[in-house]
Amino acid sequence: MQRHLISAADLTRDDAVLILDTAEEMARVADRPIKKLPTLRGRTIVNLFFEDSTRTRISFEAAEKRLSADVINFTAKGSSVSKGESLKDTAQTLEAMGVDAVVIRHGASGAPYRLANSGWIDAAVINAGDGTHQHPTQALLDAFTMRRRLVGRDAGLGQDLSGKRITLVGDVLHSRVARSNVDLLHTLGAEVTLVAPPTLVPVGVGTWPCEVSYDLDSTLPKSDAVMMLRVQRERMNAAFFPTEREYSRRYGLDGDRMARMPEHAIVMHPGPMVRGMEITAEVADSDRCTVVEQVANGVSIRMAVLYLLLGGNEPAVTHARTTEEK
């Protein structure tokens, strides 16, 4: 494993499969009466969130605490950032406090990369979402969910997603989840198709390792998994489609469309869902929808990433002594 996790494109097939297999081990911890491991005892991890988040922030915090790490939660609202403090000054403040890892979500694409390579801080950096660029742990938990459902919990160990056909539907233009999933799913051998209105397809998508379609109905019968993406109005500065009603009619997933999917196919959504627009309540609440499962798997994946990045295979006490001797 590398020292940082900035982009899903940085992972090799072996890296990705190692994370998925480690997450399978971590998932067993959730089945225990005491959901805790002493792996990261004595390590300090900061959750540095400059954007609003529910699932990702809570998921990372749960993963860190289950690994016995000391957790510091930082939100931009109510901090010195609101007074004009720069990312550099915030990073140097954290460095002075001796943190071991930083989980960062930022509205600017490239902020985690800058933090990891600037020399401002000597800590592992994990990207929890940067602008419209990348969200690698989301792509990993999505792949983990697909492998469990489409290959099998035990049968999937050591396996990738070769031959699986995955369709991503919706606002691809503003979606860091879509970009991360295309990169990771391609690495794992899956065939990816993007379905979106022409106005919500990024420029240069022809260079991505995927197919592009504007017709949802024609792609559903040959999909093993369909991932619906939220329309991100907060990132839009223009009208990308006429009305919500027309968008839903052309690109929303309802019961009739779900019935055209193969029987084994699953419906996914990174959340938060906008019921009635990209997905109906009937589909969201069906057995084929894995939204709640994805949240649970997110904790396991993030435990695996933290474990592997922070050298979880060696005791924290031994690590501290070695550092002091140096």
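Predicted model: local features only at pLDDT ≥ 70, side-chain atom pairs only at ≥ 80, totals over all residues.
Reader: How far does H5 reach from its first C-alpha to its last?
Author: H5 covers residues 136-150. At 1.5 Å times one less than its number of residues, the expected span is 21 Å. The model comes close to that, with a reach of 21 Å.

Reader: Which residue just after H5 takes a positive phi?
Author: Look past the end of H5, at residue 150. There phi is about 125 degrees, and the residue is Gly-152.

Reader: Why is H1 called largely enclosed?
Author: H1 runs over residues 13-29 and reaches 25 Å, close to the 24 Å expected. Among its buried residues are Asp-15, Asp-21 and Glu-24, along with Val-17, Ile-19 and Leu-20. The rest of the structure largely encloses H1 because its buried residues number 12 of 17.

Reader: Which helices do the buried residues of H1 pack against?
Author: Contact here means heavy atoms within 4.5 Å. Met-26, Ala-27 and Val-29 are included in the buried set of H1. That set packs against H5, H6 (176-187) and H11 (291-309).

Reader: Which residues does the UniProt "binding site" annotation cover?
Author: The entry is unreviewed. UniProt positions follow the numbering used here, feature names are shortened, and annotations may be inferred rather than shown by experiment. The record gives Arg-55, Thr-56, Arg-105, His-135, Gln-138, Gly-271 and Pro-272.

Reader: Is Thr-56 buried or exposed?
Author: Thr-56 sits in helix H2, residues 55-66. Leaving aside neighbours within four places in sequence, Thr-56 touches Phe-49, Arg-105, Ala-128, His-135 and Arg-302. Arg-105 and His-135 are also in the annotated set. Relative accessibility is 6%, so Thr-56 counts as buried.

Reader: Which peptide bond is cis, with omega near -5 degrees?
Author: Go to the loop between strand S9 (266-268) and helix H10 (281-284), where Gly-271 is found. Gly-271 counts as partly exposed because its relative accessibility is 23%. The cis bond runs from Gly-271 to Pro-272.

Reader: What is the phi of Ser-68?
Author: Ser-68 is in the loop between H2 and strand S2 (70-75). Ser-68 counts as buried because its relative accessibility is 15%. Its phi is positive, in a residue other than glycine, and is near 70 degrees.

Reader: What distance separates the centres of domain 1 and domain 2?
Author: An automatic or database assignment sets the bounds. Domain 1 is 4-134 + 295-311, and domain 2 is 136-290. Their contact takes 36 residues from domain 1 and 31 residues from domain 2. Taken over C-alpha atoms, the centres are separated by 25 Å.

Notes: Residues numbered from 1 in each chain as written. Heavy atoms only, no water. Helix = DSSP H or I, 4+ residues; strand = E, 2+ residues; numbered from the N terminus. Buried < 20%, exposed > 50% of the residue type's maximum accessible area, 1.4 Å probe, protein only.
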